[in-house]
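Please walk through this structure with me, one piece at a time. Keep the sequence and the 3D view side by side.

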Amino acid sequence: MKDFFTDDERRLSCMRLLCFLVVLAVLGVWLWGNAVAGQYVPLGYAEAGLIGAACGGKAAQGYFEYGRPGRFEP
């Protein structure tokens, strides 16, 4: 599990940790809300937006940091 939170240079990746914490917090609160309500409550646009922004931010960070895959570098 520790390898998941490290980057290619074996340093702790705060962006991966942040993405994981956002997903864990949003889904945890959503599941807790379903349990309290006693019925299924669909995931709202705001919650899905938070997860999408965290994961999209990580994807964009990787794109700008590592570039396009298969790109020729002299």
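Y63 is partly exposed, since its relative accessible area is 39%. This residue belongs to a predicted model. F64 has a relative accessible area of 68%. That is over 50%, so F64 counts as exposed.

Now look for the aromatic rings. How many aromatic pairs does a search of the whole structure find? The search finds three. In one of them, W30 meets Y40. The ring centres lie 6.1 Å apart and the planes stand at 85°, so this pair is edge-to-face. The pair links distant parts of the chain. W30 sits in helix α1, while Y40 sits in the loop between α1 and α2 (45-66).

Is Y40 buried or exposed? Y40 is exposed, because its relative accessibility is 60% and the cut-off is 50%. W30 is partly exposed, with a relative accessible area of 22%.

Next, go to the segment before α1 (14-37), where T6 lies. T6 has a relative accessible area of 9%, so it is buried. Which residues does T6 touch, leaving aside those up to four places away in sequence? They are R11, L12, S13 and R16.

Step back to the chain as a whole. It holds two helices and zero strands. The C-alpha trace spans about 60 × 25 × 15 Å along its principal axes. The radius of gyration is 16 Å, whereas a compact globule of 74 residues would have one near 11 Å. Burial can be read for the chain too: 16% of the 74 residues count as buried.

Contacts give another view. Take those between residues at least 6 apart in sequence: 41% of them join residues at least 24 apart.

Finish with the surface and the charges. The chain exposes about 5,900 Å², and carbon and sulfur atoms supply 68% of that area. There are 7 positive and 7 negative charges. Their mean positions are 2 Å apart.

How values were computed: Residues are numbered from 1 along each chain as its sequence is written. This is a predicted model: local features need pLDDT of at least 70, side-chain atom pairs count only at pLDDT 80 or more; totals for chains, interfaces and linings use all residues. Side-chain values use heavy atoms; hydrogens and water are left out. Helices (H or I, at least four residues) and strands (E, at least two) are DSSP runs, numbered from the N terminus. The radius of gyration is taken over C-alpha atoms; the globule rule is 2.2 Å times the number of residues to the power 0.38. Buried means under 20% relative accessible area, exposed over 50%, partly exposed in between (1.4 Å probe, protein chains only). Contact means heavy atoms within 4.5 Å. Accessible areas come from the Shrake-Rupley method with a 1.4 Å probe; for residues, only the protein chains shown count as cover. Lys and Arg count as positive and Asp and Glu as negative; His and the chain ends are not counted. The place of a charge is taken as NZ of Lys, CZ of Arg, CG of Asp or CD of Glu. Rings of Phe, Tyr and Trp (its six-membered ring) pair if their centres lie within 6.5 Å; planes under 30 degrees apart count as stacked, over 60 as edge-to-face and the rest as tilted.
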